[in-house]
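Please consult the sequence and the structure shown here while reading.

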Amino acid sequence: MINMSANIKPYLLNITENELLALYSRLNNTRLPDQPPGEPWLSGTDLNWFKTILEYWKKDFDWKKSEAELNTFPQFKTNISDIDIHFIYSEGKGKKVFPLLLMHGWPGSVFEFLDIIPMLSDPKKYGINSDVAFTVVAPSLPGFGLSFAPNQKRFGVEEIADLLTELMIKQLSYNKFCIQGGDWGAMVGSRISYRYPENIIGLHLNMLALRREYSNKHIFSLEEQDYIDQVQIWKSEGMGYQAIQGSRPQTLAYALSDSPAGLAAWICEKFYEWTDCKGVPENSVSFDKMLANICLYWFSGAIGSSFWPYYARNHRPWFIPEGETISVPVGYAEFPKEMLRPKKLLAEKTYINIKRWTKMSKGGHFAALEQPQLLTKEICGFFSYDI
């Protein structure tokens, strides 16, 4: 049971009718661009597809239903380093229960985890044969969603790692805990595991946080060259968003804070590019789930702040110092549509204690959204080992 100290207070999300009316007023006055030449999606979010989700948003999407689903989970806020951190807390049920810090990335939110949290907390209820279960702590990353307030401090990976470690150890009294993450969650989890290894039971990832820049001063191994080739292809076609979010985040924030349609187009492209959707984003993530996530960015006003980890990474050294390694036990689920999939021999140069490496049959970057049961089985399998 959570220790309800004076600093930890229950929380419920409640977007007002006026906020909803303001959103729909903007949606109803959306001005769309024309369709560029070439194949759909080749140069960005496809206009015809986007018109479909925009109409669904205006006529069929029920924000209050999504809000109510989030509010079925126990939620709390606690003040750390002068900001209020939001988190979901779900008690585990099983023979062996571990505390688990579950972290999203960009452009994600805690809405990613509404299907997987119950499975992790009570796997047998969902047909997963595991004696291991988890008391899940799923925070909104500092600067994201419900862990954002206007004019608060900005955070990179290092600061986020320290804040969430304090949440787990000092606020929730978990001196040892498990970690799971993808995207920024993978990077923050890797940083925590490097910085506080004595507090980490194990680290499970569905994206590997490896450097993307290599020196030309040495001969590359086959594993390094394969990864470099993947990165080069991704740089040319897939990393444009990182370039602007990592260099001029404030300029982009004006547009996406003012236009809900623009915000949706920016985020929906990633549901197309990064999921195992076979060209149709809603094959992997429903309109309702996409829009719940997008609306949380809109109502919280956190899109500009959510860019800051990119800016910090672009202006700092890599968050695992060169030559240093992560020694805690590591499990990795390699989903086929993840944007970068390094070889195990390369990963072992950073993660020196990999205990489990599984090639998944389907799924992409948003693993908890796309394949919650498959990911839950993998997490349970990893932590079932004597790690």
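The model is predicted, and the classes below apply to it.

Helix 7 covers residues 222-237. On its face turned away from the buried side, helix 7 carries the exposed residues Leu222, Ile233, Ser236 and Glu237. The buried residues of this helix are Glu224, Tyr227, Ile228, Gln230, Val231 and Trp234.

## Salt bridges

Side chains of opposite charge can pair when their charged atoms come close. The structure holds 13 salt bridges. One of them joins Asp258 and Arg26, with the closest N and O atoms 3.1 Å apart. Since Asp258 belongs to helix 9 (residues 249-258) and Arg26 to helix 1 (residues 17-28), this pair ties together parts that are 232 residues apart in sequence. Asp258 counts as partly exposed because its relative accessibility is 48%; Arg26 is partly exposed too, at 38%.

Glu159 forms a salt bridge with Arg316, and here the closest N and O atoms are 2.8 Å apart. Glu159 lies in helix 5 (residues 157-171), whereas Arg316 is in the loop between helix 13 (308-314) and strand 8 (330-334), so the pair ties together parts that are 157 residues apart in sequence. The relative accessible area of Glu159 is 28%, which makes this residue partly exposed. Arg316, at 32% relative accessibility, counts as partly exposed.

A further salt bridge links Asp131 with Lys124, the closest N and O atoms being 3.1 Å apart. Asp131 is partly exposed at 37% relative accessibility, and Lys124 is partly exposed with a relative accessible area of 48%.

## Backbone features

Which two residues are joined by a cis peptide bond? The bond is between Trp106 and Pro107, and its omega is about 0°. Pro107 is placed in the loop between strand 4 and helix 4 (116-121).

Positive phi values occur in two serines described here. Ser81 has phi near 55°, a positive value in a residue other than glycine. This serine lies in the loop between strand 2 (75-80) and strand 3 (83-90), and Ser81 is partly exposed, with a relative accessible area of 36%. For Ser173, phi is near 65°, again a positive value in a residue other than glycine. Ser173 is found in the loop between helix 5 and strand 6. Its relative accessible area is 52%, so Ser173 is exposed.

## Cavities

Rolling a probe the size of a water molecule over the atoms shows where empty space is left. There are 4 cavities of 30 Å³ or more. The largest cavity holds about 140 Å³ of space. It is lined by 20 residues, of which Met103, Glu112, Gly182, Asn206 and His365 are the closest to its centre. Strand 4 (96-103), strand 6 (177-181) and helix 15 (367-370) each contribute at least two residues to the lining of the largest cavity.

## Largest pocket

The largest pocket contains about 1000 Å³ of space. Its lining consists of 44 residues, and those nearest its centre are Trp41, Gly44, Thr45, Glu269 and Glu273. Two or more lining residues come from each of helix 2 (47-59), helix 7, helix 8 and helix 10 (260-273).

Which helix gives the largest share of the lining of the largest pocket? That share comes from helix 10, with 8 residues.

Definitions and conventions:
Residues are numbered from 1 along each chain as its sequence is written. This is a predicted model: local features need pLDDT of at least 70, side-chain atom pairs count only at pLDDT 80 or more; totals for chains, interfaces and linings use all residues. Side-chain values use heavy atoms; hydrogens and water are left out. Helices (H or I, at least four residues) and strands (E, at least two) are DSSP runs, numbered from the N terminus. The expected span of a helix is 1.5 Å times one less than its number of residues. Buried means under 20% relative accessible area, exposed over 50%, partly exposed in between (1.4 Å probe, protein chains only). A salt bridge is a side-chain nitrogen of Lys or Arg within 4 Å of a carboxyl oxygen of Asp or Glu. On a 1 Å grid over the protein atoms alone, a cavity is a set of points where a 1.4 Å probe fits but cannot get out, and a pocket is an open set with protein on both sides within 12 Å along at least five of seven lines; lining residues have an atom within 4 Å of a point. Grid points are joined across faces, edges and corners, and a volume is the space filled by probe spheres set on the points.
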